[in-house]
Amino acid sequence: MEQNIINESKRFVLKREVCHLIKSFCDLAASVCYLERASGFQLVNKDYSLEIVGEGRSAYVFKVRSTKFAIKVFFPPFTELANEEAEIYSILDGNPYFPRLYEAGSNYLVIDFIEGQTLFQCLNKGIEIKNRNILGVDHALSMAEDLGLNPSDIHLRNIILTSEGEIKLIDVARFRQIKNCSQWEDLKKCFYRYYCKWFFPKRIPVAVLNLIAKIYKKRQASINVHD
Ligand SMILES: Nc1ncnc2c1ncn2[C@@H]1O[C@H](COP(=O)(O)OP(=O)(O)OP(=O)(O)O)[C@@H](O)[C@H]1O
Ligand SMILES: [Mg+2]
């Protein structure tokens, strides 16, 4: 009896694994369901083969289990960003600093899953960010500029330090916006002025990082109003 139950559950797991291999990316994206709440969008459903890897202001990003693909599924008010971001990834195609785009739908993108930690996670976990990583981001941004793009929204959660110690940039939806964004230059200043110094703490709690980001955004908003 017990053996039967074990065999049954093994068969179920196997069926589930095989099923997700034959599901299309479109089916997987369609399985994602969001509910709008006062605090933002809540994920209420997703296929078993989708594993949450991150959440931003406009989407959740999932890893497709047993593959090297990530699917970014946009929240309903942001679906037009799927097409914009897909076009920008096409311009960047082949650039080693950015994930490759494989498929785009009306509300989703399929890109390389990047194994690593965002710079936000690095700061929180005490993973050292090196000068050569900063130079890597600078190089990636100048390559994007050479392609006629205007890289914007370059913040700690949009930069990944891979397990091999390389830099990858994600979230390129705002790379064609007109107004200039000083976030990366400001982050760089903080790196050289504070982070580099021996006395600066290398592990920072999430609450402190979020507070600094909040104060920074408020300051930026007031500067924009006065411009
Ligand atoms: N290709 C990827 N590989 C691994 N993790 C990823 C990938 N793309 C996104 N992530 C994770 O998911 C998070 C959210 O993704 P993304 O930045 O694309 O969403 P967003 O809603 O556009 O963000 P933002 O709030 O910056 O506008 C990222 O901060 C990162 O942790
Ligand atoms: Mg982002």
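Which residues of α3 are buried? They are Ala 82, Glu 85, Ile 88 and Tyr 89. This is a predicted model.

**The shell around ligand 1**

- There are 22 residues around ligand 1. Gly 54, Gly 56, Arg 57, Arg 157 and Asp 171 come nearest.
- By type, the shell holds 10 nonpolar, five polar and seven charged residues.
- Both domains take part: domain 1 (2-112) and domain 2 (116-226) each give at least three residues to the shell around ligand 1.
- Four strands each supply at least two residues of this shell: β3 (50-55), β4 (59-64), β5 (69-74) and β7 (108-112).
- Strand β3 provides the largest share, with three residues.

**Helix α3: length**

- Helix α3 covers residues 80-91, which makes 12 residues.
- At 1.5 Å a residue, α3 should span 16 Å. Its end C-alpha atoms lie 18 Å apart, which agrees.

**Helix α3: two faces**

- The buried residues of α3 are Ala 82, Glu 85, Ile 88 and Tyr 89. Seen down the helix axis, they fall within an arc of 135 degrees, so they line one face of α3.
- The face of α3 turned away from this buried side carries Glu 80 and Ser 90, which are exposed.
- Strands β5, β6 (101-104) and β7 are among the elements that cover the buried residues of α3.

**Where the topics meet**

Conventions: Residues numbered from 1 in each chain as written. Chains lettered and ligands numbered in written order. Predicted model: local features only at pLDDT ≥ 70, side-chain atom pairs only at ≥ 80, totals over all residues. Near = placed C-beta within 6 Å. Nonpolar A, V, L, I, M, F, W, Y, C, P; charged D, E, K, R; others polar. Domains from an automatic or database assignment. Expected span 1.5 Å × (residues − 1). Buried ≥ 20, exposed ≤ 12 C-beta atoms within 10 Å, placed from the backbone. Arc of directions from axis to C-beta. Contact = placed C-beta atoms within 7 Å.
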